[in-house]
Amino acid sequence: RDWEAALIRVWVPMLFILLAIPLILGIVPRNYFYGFRSRRTLESDALWYPVNRVAGALLALAGLAWGTSGDTVGLVALGVAILGSAIYMSWLVARQG
């Protein structure tokens, strides 16, 4: 049972952080498997890269929150990361006209 707790407490947050790094660096091209995917981000590099940079940063923060504060805070932070990315995408779309 201790290994299960360690898996959730250490490895899951570490996975979030590792997955976030390529998104933050802007090296993940548009695709259907990895990144913040929506109809709009998949249609445009002008949306894909900035939205995924923000999504990656928020995902990394969620991983840090999960690793330092526990499962409940981590899950809430993950939800905030997803919602924050969607709000940022909506703002960019509105700004582009």
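Select S85 to begin: setting aside neighbours within four places in sequence, this residue is in contact (heavy atoms within 4.5 Å) with F36, V51, A55 and L58. S85 sits in helix α4, residues 71-96; helices here are DSSP runs of H or I with at least four residues, strands are runs of E with at least two, and both are numbered from the N terminus. S85 is buried, its relative accessible area being 1%.

The model is predicted, and local features need pLDDT of at least 70, side-chain atom pairs count only at pLDDT 80 or more, while totals for chains, interfaces and linings use all residues. Residues are numbered from 1 along each chain as its sequence is written, and side-chain values use heavy atoms, with hydrogens and water left out.

**The whole chain**

The secondary structure comes to 4 helices and 0 strands, in the pattern α-α-α-α along the sequence. The C-alpha trace spans about 50 × 20 × 20 Å along its principal axes. Of the 97 residues, 32% count as buried. Among contacts between residues at least 6 apart in sequence, 55% join residues at least 24 apart.

**The nonpolar cores**

Next, select F36, L47, V51, A55, M89, L92 and V93. These 7 residues make up the largest nonpolar core, a core being a set of buried Ala, Val, Leu, Ile, Met, Phe, Trp, Tyr and Cys residues joined through side-chain atoms within 4.5 Å. Helices α3 and α4 are the elements that give two or more residues to this core. Apart from it lies another core, of 5 residues, including F16, A20, L59 and W66. In soluble globular proteins, nonpolar side chains tend to be buried together.

**The aromatic pairs**

Display the aromatic rings; the structure holds 2 aromatic pairs. Rings of Phe, Tyr and Trp (its six-membered ring) pair if their centres lie within 6.5 Å, and planes under 30 degrees apart count as stacked, over 60 as edge-to-face and the rest as tilted. For F16 and W66, the ring centres are 5.6 Å apart and the planes stand at 75°, so this pair is edge-to-face. The pair links distant parts of the chain, with F16 in helix α1 (residues 2-25) and W66 in helix α3 (residues 45-69), 50 residues apart. Both F16 and W66 are buried.

Move to Y88 and W91, whose ring centres are 5.9 Å apart with planes at 25°, so the pair is stacked. Y88 and W91 are separated by about one helical turn, because they are 3 residues apart in helix α4. Y88 is partly exposed at 23% relative accessibility, and W91 is partly exposed at 47%.

**The largest pocket**

Helices α1, α3 and α4 each supply at least two residues of the lining. By class, the lining has 10 nonpolar, 4 polar and 1 charged residues. Here Ala, Val, Leu, Ile, Met, Phe, Trp, Tyr, Cys and Pro count as nonpolar, Asp, Glu, Lys and Arg as charged, and the others, Gly among them, as polar.

**From α3 into α4**

Finish at G70, in the loop between α3 and α4. Is G70 buried or exposed? At 7% relative accessibility, G70 counts as buried. Beyond neighbours within four places in sequence, G70 is in contact with R9 and A65.

Select S69 in helix α3, which is partly exposed with a relative accessible area of 45%. S69 and R9 are 60 residues apart in sequence and 9.2 Å apart in space, C-alpha to C-alpha.

Notes
Buried < 20%, exposed > 50% of the residue type's maximum accessible area, 1.4 Å probe, protein only.
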